[in-house]
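Ready for a few exercises on how two protein chains meet? Take a look at the model below, then work through the solutions one step at a time.

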Protein chains: 4
Amino acid sequence: MGSSHERRTPLASHQSTLRVRYPECDPMGVAHHATYPIWFEIGRTEMLRASGGNYRDLEATGVFLAVVRLEVRYRRPARYDDELRLTTELLVAGPVKIEHSYRLFRGDELLAEGGTTLACLDRDGRARALPESLVLG
Amino acid sequence: MGSSHERRTPLASHQSTLRVRYPECDPMGVAHHATYPIWFEIGRTEMLRASGGNYRDLEATGVFLAVVRLEVRYRRPARYDDELRLTTELLVAGPVKIEHSYRLFRGDELLAEGGTTLACLDRDGRARALPESLVLG
Amino acid sequence: MGSSHERRTPLASHQSTLRVRYPECDPMGVAHHATYPIWFEIGRTEMLRASGGNYRDLEATGVFLAVVRLEVRYRRPARYDDELRLTTELLVAGPVKIEHSYRLFRGDELLAEGGTTLACLDRDGRARALPESLVLG
Amino acid sequence: MGSSHERRTPLASHQSTLRVRYPECDPMGVAHHATYPIWFEIGRTEMLRASGGNYRDLEATGVFLAVVRLEVRYRRPARYDDELRLTTELLVAGPVKIEHSYRLFRGDELLAEGGTTLACLDRDGRARALPESLVLG
């Protein structure tokens with residue numbers, strides 16, 4: 001996603017599955033919109049793990065990835081106990097930012113699309129270059 | 001906020017104050033990015049209340065406002081126990097959607113900007129026209 | 001768990017695995033204590049699913065299970081990205097309440113113990129008898 | 001609250017007001033039970049602030065208060081947008097633990113009662129004595 005809306009060729013792609021939790025849903029009976037960025041973060045974490053990395057280890061070395069941009073388009077509601085499939089794509093990786101896009105499905109039905117930009121910070125919250133291991137493309 | 005990034009003249013504006021809660025913060029020691037849409041929703045709720053309306057009463061009459069677009073730009077972190085000031089602006093109100101923009105401050109420091117689009121739904125989740133009382137401009 | 005602290009023979013038992021999410025953790029770097037009841041609820045949901053039931057279907061028939069008692073003893077912190085094992089035990093099932101106990105482990109290390117009592121409500125929030133399908137023992 | 005259920009004379013008492021947020025409510029239309037410990041924590045924070053202390057400053061000096069016991073009895077549901085009154089009482093303060101009790105009201109109606117025990121930890125998560133400033137009674 002993004003202002004230009006074209007689909008870029010991803011550097012990497014990952015599929016996660018998620019089960020909608022009861023307290024993630026609101027009185028409308030559907031997943032609250034603030035839950036989606038939490039799911040997107042799980043997609044990023046699992047994509048990094050699948051490639052042999054680990055975000056917790058990264059933080060232990062003083063590398064913090066902070067979300068500086070979030071965009072979500074909500075197409076159809078997700079309901080309690082739905083099993084969802086999240087596609088996470090890495091679009092840009094370095095030298096100073098990381099961009100991902102997300103598509104959330106229930107079966108073949110597209111529920112939401114999103115995008116994030118991450119900046120790399122040191123332990124004191126100052127911008128720093130991405131570690132070599134995360135730079136791609 | 002939005003694709004064109006110009007500042008539009010708001011139909012209405014509201015100021016809320018918020019205190020950052022401990023569980024809203026993450027291991028980086030700052031408010032997690034998924035908390036901001038929850039704050040924006042409080043801004044909308046309080047703005048409607050200040051104008052004599054009430055979202056709970058609205059739902060009781062079968063009118064549901066669903067977020068279909070969310071955008072956030074995070075400029076600086078909010079920290080635990082910070083007292084924040086949220087400016088909510090109503091940009092578009094009707095006949096089929098509502099647009100708000102948000103700016104979050106700590107003192108005079110801009111921490112984040114955001115925007116949402118709401119669609120009006122009936123009890124069964126189908127699109128419906130906004131009730132007259134919400135159409136402005 | 002409970003006031004008498006003896007271990008009762010469970011009517012049923014279930015094992016779930018959980019991965020600690022980033023926003024479930026707080027500035028101390030550990031899972032916030034309010035996250036545990038959310039995990040316990042997942043344990044109940046998965047235990048019901050494993051026995052062929054489904055909480056969402058139950059709600060669709062007008063049966064709601066409300067937590068009326070919650071107790072947790074926190075022994076050791078859970079950390080971001082930890083893989084946890086949750087043992088859920090059904091202790092009492094009917095005619096008017098359901099009691100579960102919980103033990104949360106990381107490997108063989110006991111992190112927390114808990115207990116809940118659920119009451120059965122109808123669509124209007126009034127107490128009602130448990131449906132036959134849920135009464136055991 | 002507690003196993004003996006007698007009401008002890010509190011060392012200190014504090015009143016907070018809370019507004020129930022939309023995403024704190026679940027598909028039953030009531031505040032989810034995992035929200036209550038978050039409210040209790042706000043009660044503790046505001047009680048400390050009212051007495052001239054500050055939990056954030058405490059953490060900055062290496063003093064962390066970890067919840068080791070949580071108990072809640074839920075009497076009646078809290079609903080979206082309800083304004084609630086929380087009474088927080090300090091029952092025990094030192095030398096190694098802090099105990100609070102909580103009562104949550106909507107008007108004069110008691111919605112829930114709770115209790116917590118906090119242990120004092122250093123930056124590495126080891127038990128330490130409470131700082132003098134927190135020991136009372």
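A salt bridge is a side-chain nitrogen of Lys or Arg within 4 Å of a carboxyl oxygen of Asp or Glu. This is a predicted model, where local features need pLDDT of at least 70, side-chain atom pairs count only at pLDDT 80 or more, and totals for chains, interfaces and linings use all residues. Residues are numbered from 1 along each chain as its sequence is written, chains are lettered from A and ligands numbered from 1 in the order in which they are written, and side-chain values use heavy atoms, leaving out hydrogens and water.

**Exercise 1.** Find how many salt bridges cross the interface of chain C and chain D.

Solution. Start with D:Glu71: its partner is C:Arg73, with the closest N and O atoms 3.4 Å apart. Then count across the whole interface, and you get two salt bridges.

**Exercise 2.** Work out which residues of chain C lose the most area to chain D.

Solution. First, the total: the two chains bury about 1,900 Å² between them (accessible area, 1.4 Å probe, lost on being put together and summed over both). Of that, 62% is on carbon and sulfur atoms. Next, chain C's side: C:Met28, C:His33 and C:Leu70 lose the most, together 29% of what that side buries.

**Exercise 3.** Describe how strand E2 of chain C pairs with strand E2 of chain D.

Solution. Strands here are DSSP runs of E with at least two residues, numbered from the N terminus, and two of them pair if DSSP finds at least two bridges between them. Here five bridges join the strands, which run antiparallel. For one of the residues, C:Leu70, the bridge partner in E2(D) is D:Val72.

How values were computed:
Helix = DSSP H or I, 4+ residues; strand = E, 2+ residues; numbered from the N terminus.
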